[in-house]
Amino acid sequence: MNLPDVTLRPVDEATLDELVAVAVGDAEPADVMPPAPGGPWWTDDRVAAFRRFHRERRAGLDGPRHEVTLAVVAGGRVAGVLRLHRRGDGRHEVGAWLGRSWRGRGVGTAALAALRPVAAGLGVTEVVAETTAGNAAARAMLARAGAAVGSPDADGIVRATLWGG
């Protein structure tokens, strides 16, 4: 598979503005952020919560959230986010979302490939992911990225190891 040219960018204020535009214009709140009050649509309060979420992660893996978000940039445009979180067991978990218009084009797979050198620069040696059995797109993206993808457990959770471990 020929992967598109994708880079990862720290989420500063200018990038956060671009990210908000992608989230609001090309995704549902449940696709891109933890649950928040206000129904399944974008409201001013949800946009404010989305901004807070990303600002709180600027301190990086050593900050209080032990997490960093990186904008996925494809063709010079912000397409979504990769989130890297330091777990209590010493491993790091990756999460991702892309605007709907970017899905199915290899952008997620390319973003996971772009994550490896960035993560190595942060001292990360093992990256894992979790998704649900029903999220076929995420499972396929992980497999295309070379992850060892397990079978669903009794709760329907699928665990994958991208590298390390």
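A word on conventions: residues are numbered from 1 along each chain as its sequence is written, and side-chain values use heavy atoms, with hydrogens and water left out. Because the model is predicted, local features need pLDDT of at least 70 and side-chain atom pairs count only at pLDDT 80 or more, whereas totals for chains, interfaces and linings use all residues.

Let me start with the pocket, by which I mean an open set of points on a 1 Å grid over the protein atoms alone, where a 1.4 Å probe fits, with protein on both sides within 12 Å along at least five of seven lines. The largest pocket has a volume of about 940 Å³, volume being the space filled by probe spheres set on the points. Of its 35 lining residues, A96, W97, N135, A138 and M141 are the closest to the centre, where lining requires an atom within 4 Å of a point. Elements giving two or more residues to that lining include α3 (44-55), α4 (107-121) and α5 (136-144), while β4 supplies the largest share, six residues; helices (H or I, at least four residues) and strands (E, at least two) are DSSP runs. By class, the lining comprises 19 nonpolar, nine polar and seven charged residues, with Gly counted among the polar ones.

Now the helices. The axes, which are lines fitted to C-alpha atoms over the stretch in contact, with angles from 0 to 180 degrees between N-to-C directions, come within 11 Å for α1 (residues 13-26) and α3 and cross at roughly 135°. That makes α1 oblique to α3, oblique being what remains after under 35 degrees (roughly parallel), over 145 (roughly antiparallel) and 65 to 115 (roughly perpendicular). Contact, meaning heavy atoms within 4.5 Å, involves residues including L16, V20 and V24 of α1 and V47, F50 and R51 of α3.

For α4 and α5, the axes come within 9 Å and cross at roughly 45°, which makes α4 oblique to α5. Here G108, T109 and L112 of α4 meet M141, L142 and R144 of α5.
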